[in-house]
Amino acid sequence: MSRYNAKETEPKWQEAWNTAESFRAVPDDREKYYVLEMFPYPSGRIHMGHVRNYTMGDVVARYKSAAGFNVLHPMGWDAFGMPAENAAMEKGVHPGDWTYQNIADMRAQLKPMGLSIDWTREFATCDPEYYGQQQALFIDMMGKDLVYRKNAVVNWDPVDMTVLANEQVENGRGWRSGALVERKELTQWFFKISAFSDDLLDSLDNMDSWPEKVRTMQKNWIGKSTGLQFEFKTNGAPSGFEGLEVYTTRPDTLFGAAFAAISADHPLAKQLEENNPEIAAFNAECRQLGTTEEAMETAEKKGFDTGITVTHPFNDAWELPVYIANFVLMGFGTGAVFGCPAHDQRDLDFARKYDLVVTPVVCPADQDPDTFSIGKKAFTETGNLINSRFLDGLSIEDAKTEVIKRIEGKGAGAAKTQYRLRDWGVSRQRYWGCPIPVVHCEKCGVVPEKKENLPIELPKDVAFDKPGNPLDRHETWRNCACPSCGGDALRETDTMDTFADSSWYYARFTAPKAETPTDAKEVDYWMNVDQYIGGVEHAILHLLYARFFARAMHATGHLPKRATEPFNALFTQGMVCHATYQDPDGKWVNPDDTRAIEGGGFETLDGRPITVGKSIKMSKSKKNVVDPDDIIDQYGADTARWFVMSDSPPERDVEWTASGAEAAWKHLQRVWRLCVEVQEMGEGDTAQDAALEKARHRAIDEVTKGIEGFAFNKSVAALYQYTNTVSKSDASKAAKLVAMQSMAQMMQPMTPHLAEEVWAAMGGEGLVTGAPWPQVDESKLVDDTVILPIQVNGKRRAEIEVAISATKDQIEKMALETPAVTRILDGAAPKKIIVVPGRIVNVVV
RNA sequence: GCGAGCGUGGCGGAAUGGUAGACGCGCCAGACUUAAAAUCUGUUGUCCGUAUGGGCGUGGGGGUUCAAGUCCCCCCGCUCGCACCA
């Protein structure tokens with residue numbers, strides 16, 4: 001009997017799909033379905049994470065296509081970024097050559113996977129045709145005030161020599177380089193993401209098909225808070241600081257105020273340090289702090305009494321001391337607060353240290369206002385106001401309203417909504433990115449390029465022998481004509497953050513060759529992305545930026561209103577993990593350089609024992625990497641695809657094991673053997689046909705539900721079971737042919753090559769790719785009889801087989817006649833009998 | 001500290017409040033074989049029992065219910081995200 005030979009079979013069917021243009025997406029009158037996996041960075045090699053990600057998308061795409069949808073399933077490359085420049089510096093290759101070579105390499109690794117991708121739509125973000133349109137978008141966004149330029153303190157990464165967005169700083173370090181980020185003042189380009197703060201926040205509530213986790217993370221990131229901003233009158237402050245603006249979300253606690261505090265970066269603090277070395281030293285200490293997690297956890301609340309005081313807004317005789325405090329951040333609110341120790345833990349810690357008065361102003365319902373006092377824990381829950389003059393007795397909410405009303409009445413301040421979300425700084429002082437399409441003219445100022453001059457292409461002839469941005473040094477590129485007056489001008493040399501590139505590629509896929517960023521007709525047909533799939537690591541950065549861009553593209557007329565939320569459903573898949581291996585010297589060992597020892601365990605190829613560590617995400621540094629190329633070469637793409645869909649639920653991490661891959665391969669072989677057996681069998685007996693037909697419908701039902709519910713592991717389990725059933729069935733050849741045709745159809749999304757081979761062998765017409773999804777006959781899912789478990793007091797004691805049509809009374813009678821039940825009852829009457837038809841019987845004694 | 005999620009055999013994991021452990025891996029036994037591989041068949045939560053059978057079992061403790069892995073309360077542990085956000 002011939003073995004299934006994936007190596008020969010897989011390219012054959014890929015060629016057939018190619019010839020048939022099976023995956024070419026063209027608008028027609030069918031309902032469309034747009035499946036997108038987060039496109040890869042062209043590092044040069046695909047890894048198992050890609051295999052899992054793209055297989056999931058492919059299963060959905062192939063299934064939806066079979067289910068009758070017009071499917072769009074494109075692929076491209078997120079191709080700008082630092083690694084290309086690093087390669088240029090290290091190896092002397094041009095970033096463009098390096099990138100396009102990597103793309104070619106990765107495409108060559110991806111294609112053997114047999115993904116149902118419309119490759120005619122492929123593009124890389126570093127193609128001038130793409131980034132030229134991005135420049136057009138930028139110019140349109142300038143026209144709508146969604147881009148602006150300002151002098152700002154920015155996060156400067158001294159290793160990558162570029163600016164980073166807030167989102168790209170993790171624990172005070174650059175997200176790529178890991179270098180400690182410095183603060184630097186530069187003139188920068190910003191996208192006005194804050195213009196949509198509320199919309200970005202509010203619409204999260206309606207995005208039911210996004211993981212709760214991601215929505216929560218975005219909510220926290222946007223960080224909306226409502227409160228009161230008002231001005232204290234100062235006493236003894238330098239001129240120009242007669243007032244001190246503070247922001248609070250708890251205006252109700254104003255009568256519990258014990259002090260005011262400002263950030264070390266507050267203008268007043270900076271002013272004071274000019275003439276006071278002590279303050280200067282304290283401020284310097286504060287600025288150093290707060291970069292790492294541990295530092296913040298352990299950092300003591302510290303303050304410096306400036307000697308200045310502020311007057312309480314509701315009592316001219318009440319003065320509060322003004323401290324510079326290390327826990328007040330310049331980046332939030334006004335960089336100044338009033339401290340209410342009784343109802344804020346930080347303020348309480350601070351007050352205890354500096355021996356400030358702690359007056360409770362909110363009293364819980366179960367406490368006596370006269371004796372209620374605060375110990376080591378601030379009281380942050382609800383209650384009613386005390387010790388607060390005109391607020392006494394009010395609820396927190398009513399007190400807030402009242403304070404805001406009175407402050408507004410005095411003209412001292414107003415209710416205000418604050419966001420944690422900042423505008424997106426997009427200037428990068430790098431070469432390998434999309435050039436910002438503006439020109440600096442002495443006469444006309446900052447002028448956008450004319451659209452007919454787009455794309456502003458990156459110059460090819462650049463050198464990376466010196467640090468910094470080569471565009472700055474490229475005289476002929478820099479010097480240009482002003483688009484407005486035609487005079488001598490200089491080109492902007494900043495390029496855009498590469499996150500901009502990935503913020504609209506999903507829209508570009510709908511018309512990748514259009515002369516404008518999008519084509520109205522195409523974008524109207526294909527948008528939105530119905531199912532987006534990618535890693536949860538993009539929960540904030542990429543997904544928030546993409547949501548912003550969609551809104552900006554709507555504002556500039558490039559996307560319909562409905563596409564402002566571009567991803568209807570988001571699925572975040574787990575990582576691919578592998579056990580880690582260490583040799584006796586503690587060095588990491590690649591799984592390929594080990595072999596299994598009889599009786600368990602592993603050793604190195606030269607016989608030294610291996611310590612097996614826990615399973616973690618595949619990474620080069622831990623050497624626990626399995627190369628998809630090797631797996632495809634050894635077992636074929638279907639095995640790799642089948643394995644990553646088995647066992648683990650898609651949202652969870654999956655552990656790659658050699659035995660698991662082996663098992664996947666064995667199963668595919670078994671399906672093929674079964675197929676050959678059916679081919680070679682005689683006509684057979686039709687007595688068992690009905691049973692097989694039932695099993696077939698049950699399998700269709702389960703596999704379909706598994707795919708629809710993103711539980712591919714359950715679909716796989718159902719297919720295992722179905723294979724067993726078909727294999728053991730004594731049905732006729734005709735019935736088995738039908739059974740195996742359905743097998744091919746159901747396996748097609750996961751293992752398309754084998755499915756084609758089985759389909760062809762079983763006499764299927766044309767390609768199974770594109771064949772309609774098998775339909776479930778609901779009537780075949782129910783049996784004539786059903787096995788009912790009989791419980792006594794909730795414990796299973798027996799089971800009976802009853803007709804599906806049996807009445808409750810009949811079932812009750814049968815249950816009571818069961819030997820196990822009569823034995824336990826011992827002549828007594830049951831207290832109660834619960835019959836759940838088709839499910840269970842419970843006898844209560 | 002805040003938020004989210006998770007905790008089920010040796011392992012990955014199933015289970016609309018209704019027979020816990022589907023399916024796979026592994027282990028064990030058997031068939032085929034000179035032998036091995038491959039393949040096929042069967043067993044496999046745990047304890048008592050030759051067995052019919054019974055006890056105990058979903059991190060721990062309470063509760064709701066005829067019935068709880070599932071719902072509610074408290075606790076423990078792990079993972080992820082955010083974090084001095086006023």
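Figure 1. Of the RNA strand B atoms within 4 Å of the protein, 60% belong to sugar or phosphate, and the rest belong to bases. The model is predicted: local features need pLDDT of at least 70, side-chain atom pairs count only at pLDDT 80 or more, and totals for chains, interfaces and linings use all residues. Residues are numbered from 1 along each chain as its sequence is written, chains are lettered from A and ligands numbered from 1 in the order in which they are written, and side-chain values use heavy atoms, with hydrogens and water left out. RNA strand B is surrounded by 51 residues, where a residue is near a strand if one of its heavy atoms lies within 4 Å of it. The closest are Thr249, Lys301, Phe327, Leu329 and Lys714.

**Figure 2. Polar atoms facing RNA strand B.** A polar contact is a pair of N or O atoms within 3.5 Å; within protein, one must be able to donate a hydrogen and the other to accept it, and residues adjacent in sequence count only if both atoms are side-chain atoms. A polar side-chain atom of Lys213 lies 2.9 Å from a sugar or linking oxygen of RNA strand B.

**Figure 3. The makeup of the surface near RNA strand B.** Helix α23 supplies the largest share of this surface, seven residues. Helices (H or I, at least four residues) and strands (E, at least two) are DSSP runs, numbered from the N terminus. By class, the surface has 19 nonpolar, eleven polar and 21 charged residues. Here Ala, Val, Leu, Ile, Met, Phe, Trp, Tyr, Cys and Pro count as nonpolar, Asp, Glu, Lys and Arg as charged, and the others, Gly among them, as polar.

Figure 4. Helix α24 covers residues 733-747. Because eleven of its 15 residues are buried, α24 is largely enclosed by the rest of the structure. Buried means under 20% relative accessible area, exposed over 50%, and partly exposed in between (1.4 Å probe, protein chains only). Among the buried residues are Ala739, Met740 and Met743. What covers the buried residues includes α20, α21 (658-680), α22 (689-708), α23 (712-728) and α25 (752-761).

**Figure 5. Ser646 in a loop.** Ser646 lies between α20 (637-645) and β31 (654-655). With a relative accessible area of 6%, Ser646 is buried. Its side chain reaches the backbone oxygen of Trp642 at 2.5 Å. Leaving aside neighbours within four places in sequence, Ser646 is in contact (heavy atoms within 4.5 Å) with Asn713 and Val716.

Figure 6. UniProt lists Lys620 under "binding site" in an unreviewed entry; UniProt positions are given in the numbering used here, feature names are shortened, and annotations may be inferred rather than shown by experiment. Lys620 is placed in the loop between β30 (611-617) and α19 (628-635). This residue is exposed, because its relative accessible area is 77%.

How values were computed
The expected span of a helix is 1.5 Å times one less than its number of residues.
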